[in-house]
Amino acid sequence: MTELRADRWRSDEELRASEAKFAGILAIAADAIITIDDTHRIIHFNRGAEEIFGYAADEAIGQPLSILLPQRFRGTHDAQIRAFGESGETARRMGHRRAVAGRRKNGDEFPAEASISRLDLPTGERIYTVVLRDVTERKWIEDTDRFLTDSGTRLSRSLQREAVLDAIGDLALPMLGDACVIDVVEDTTIRRVARAVDPERHRLMSRLAAEFPRTWDSPSPVVDVLRRGRPELVEGIDDDWLSRTEEYAEAIALWQEVGARSLYIVPLVVGDRTIASLTLVDVKSGNRFTPEMRTLAQRFALAAALALENARLYAAAKRATSARDEVLAVVSHDLRNPISAIAMCARILREAPPTDLAERDRMLTAITEATVWMQGMIRDLLDVSAIEAGRLSVDRRPAALGSIIATAVDMVRGEVDQRSI
């Protein structure tokens with residue numbers, strides 16, 4: 001008997017040690033480990049679950065598992081657990097058909113990975129254990145990488161300025177904000193373009209952009225961002241803030257209708273120049289612009305600035321090409337006159353040279369003057385290059401208008417006489 005009691009005591013000690021070891025593992029696990037009974041009420045809630053869901057263990061134990069789920073999943077979740085219990089499986093990864101989400105005590109939802117196991121106890125009871133991991137950070141990284149990749153692809157599709165502005169506004173919503181305003185520096189003015197997710201809010205934002213443009217003297221923080229090239233966070237928008245940053249009562253009323261709660265204004269910078277700003281508007285939580293969100297907005301602004309600058313350079317190149325073509329058209333037209341004069345005088349001197357020495361000398365003079373005229377045109381073309389390089393010098397001197405006209409008349413006199421004009 002003594003030996004039997006000793007064996008039982010050792011077995012009890014081993015069981016307690018095993019239970020203590022298991023409890024220690026559960027306590028230090030970062031994942032949420034939750035056990036529920038056959039009625040789907042919580043009977044175990046580890047420290048990882050407390051940290052993830054925000055409930056203390058004594059608050060959660062005895063409650064239905066559904067308190068940890070978003071409302072839209074509660075209607076079907078119990079049926080899914082029952083179906084799992086009746087299946088031949090003893091463990092299953094949850095979410096193999098759809099995403100899994102949890103709900104914290106404060107009402108916030110978060111993405112998760114979860115698995116469930118079933119255990120039938122000797123007493124005939126059945127319990128289920130759920131192991132759940134909060135994957136908010138990993139999903140955020142995946143989503144932001146995908147967003148930036150897609151943004152780069154979309155922004156590079158066009159070199160047209162308007163198409164790029166449309167792309168910036170479309171991409172920013174709803175990932176970065178509920179509405180946005182793009183303020184673009186154009187020479188000495190500031191041009192505004194607005195977008196919003198909601199159609200009615202889009203109408204209001206478009207009115208703000210069209211009817212109340214920013215100037216360099218406006219009290220708006222947008223102007224400060226454009227001047228300094230540094231982002232600015234406006235954490236709370238109220239009537240006092242609007243009265244300090246808007247010059248017109250109608251604009252204040254429109255902002256109030258929009259319902260903006262916070263703003264994040266990020267500059268679009270190329271080199272040492274701020275070419276635009278992107279104002280992101282939050283109308284829901286008021287705390288949308290977390291440090292992670294602000295970092296993402298700045299990374300997006302880099303890609304947007306590059307696309308906008310490429311569009312500007314493309315437009316400038318098109319204007320330069322157009323100007324070059326126009327100059328070439330004018331020059332090619334104007335060169336016809338002196339070339340025609342030289343060709344005509346040369347033909348006459350070769351085929352039927354005048355016997356009058358004065359007439360022959362006049363033709364040689366016309367050839368010389370036509371040559372001088374063409375050389376002047378060539379110098380003018382070189383002056384265009386000098387202007388573009390910023391090195392134009394102007395030689396001013398008086399000129400006799402009569403001699404200029406006489407030279408032009410003499411240059412075409414032969415052709416005029418030949419055609420009896």
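Biologist: Over how many bridges do strand β10 (residues 262-270) and strand β11 (residues 273-282) pair?

Modeller: The model is predicted: local features need pLDDT of at least 70, side-chain atom pairs count only at pLDDT 80 or more, and totals for chains, interfaces and linings use all residues. Numbering runs from 1 along each chain as its sequence is written, and side-chain values use heavy atoms, leaving out hydrogens and water. Strands (E, at least two residues) and helices (H or I, at least four) are DSSP runs numbered from the N terminus, and strands pair if DSSP finds at least two bridges between them. For β10 and β11 the sense is antiparallel and the bridges number nine.

Biologist: Which strands stand at the edges of the sheet?

Modeller: The open sheet has five strands, ordered β8-β7-β11-β10-β9, with antiparallel pairing. An edge strand has a single partner, so one side is left without a neighbour in the sheet; here the edges are β8 (189-196) and β9 (232-234).

Biologist: How are α5 and α11 oriented to each other?

Modeller: Helix α5 (residues 136-155) packs with helix α11 (residues 291-351) at about 15°, axes 10 Å apart. Axes are fitted to C-alpha atoms, for helices over the stretch in contact, and angles between N-to-C directions run from 0 to 180 degrees. Angles under 35 degrees count as roughly parallel, over 145 as roughly antiparallel, 65 to 115 as roughly perpendicular and the rest as oblique. The helices are therefore roughly parallel.

Biologist: Which residues of α11 do those of α5 meet?

Modeller: Contact means heavy atoms within 4.5 Å. From α5 come W140, T144, F147, L148, S151 and L155; in α11 they meet E292, M293, L296, R299, F300, A303, A304 and A307.
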